[in-house]
Amino acid sequence: MFYWLMKRVVIGPALWLLFRPRVEGVENVPAEGAAILASNHLSFSDSFFLPLVLRRRATWMAKSEYFDTPGLRGRLTAWFFRNVGATPVDRSGGRASEAALRTGLRVLGTGELFGIYPEGTRSPDGRLYRGRTGVARLALEARVPVVPVAMIDTEKVQPPGQVVPTPGRIGVRIGRPLDFSRYYGLETDRFVLRAVTDEIMYELMRLGGQEYVDVYATTVKGRKGAAREEQAAG
């Protein structure tokens, strides 16, 4: 109830008015049944704009920091994300990654849409980075199609570090569902997982027109952070 109230009454109309999303391919999202929405990740606001244009509700993975940040702002953020259907994911790897996978399988098992950002974090510079193979494992274990989604220009209306988006036009381009049934039963094969993930990332690159970089975004962010620390010490 809260989800639809926010989308149709409280926030949704204002977002349509201020950001005038150009939407292509919304008919490619299955009208019913489970599917994974795999999107590039340019801005914090991606988690608002994509659900805005969908006809169905989707559950999205959101980093755990949005749910456990202390203070009033942190509590308000956690309350909002819980009520719009986001589920926390711990990105530290190992058991945390396994728990995130199980969450996705549970959502898909009920016939719902589940959204994931294969890059694992926002792009540091607008380019598309190497995908994590969790999306492939989820697709093969749940035996569901993957719908590629390209967010366009969202980093221009809300760059990293900017709290309130600046009004401007953004785009959402949704591709046809990708069928990986030929790989069912091979979800433990790391070469298959990489091949499936790379196919998804290729579709995202094609849809969004981003330059592709075959390294993880977290690696690039780590290098930049280390460079800043070295410069500050310097």
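**Salt bridges, a buried strand and a surface patch**

A salt bridge joins the side chains of aspartate 198 and arginine 194, with an N to O distance of 3.0 Å. Here a salt bridge is a side-chain nitrogen of Lys or Arg within 4 Å of a carboxyl oxygen of Asp or Glu. The model is predicted: local features need pLDDT of at least 70, side-chain atom pairs count only at pLDDT 80 or more, and totals for chains, interfaces and linings use all residues. Residues are numbered from 1 along each chain as its sequence is written, and side-chain values use heavy atoms, with hydrogens and water left out.

Aspartate 198 and arginine 194 both belong to helix H9. They are 4 residues apart, about one turn of the helix. Helices (H or I, at least four residues) and strands (E, at least two) are DSSP runs, numbered from the N terminus. Arginine 194 is buried at 15% relative accessibility, whereas aspartate 198 is partly exposed at 32%. Buried means under 20% relative accessible area, exposed over 50%, and partly exposed in between (1.4 Å probe, protein chains only).

The whole structure holds 13 salt bridges. One of them links arginine 102 to glutamate 98 at 2.9 Å, N to O. Both residues lie in helix H6 (residues 95-109), 4 residues apart. Arginine 102 is partly exposed, at 38% relative accessible area. Glutamate 98 is also partly exposed, at 28%. A network of salt bridges connects Glu98, Arg102, Arg137 and Glu141.

Arginine 127 and glutamate 211 form a salt bridge of 3.5 Å, N to O. Arginine 127 sits in the loop between S5 and strand S6 (128-129), and glutamate 211 in the loop between helix H9 (190-208) and strand S9 (212-213), so the pair ties together parts that are 84 residues apart in sequence. Arginine 127 is partly exposed, with a relative accessible area of 28%.

Strand S3 (residues 58-63) is largely enclosed by the rest of the structure, because 5 of its 6 residues are buried. S3 pairs with strand S5 (residues 113-116) in the parallel sense over 3 bridges. Pairing requires that DSSP finds at least two bridges between two strands. Alanine 58 stands opposite leucine 113 in S5.

Valine 9 lies in helix H1 (residues 2-10). Valine 9 is exposed, at 54% relative accessible area.
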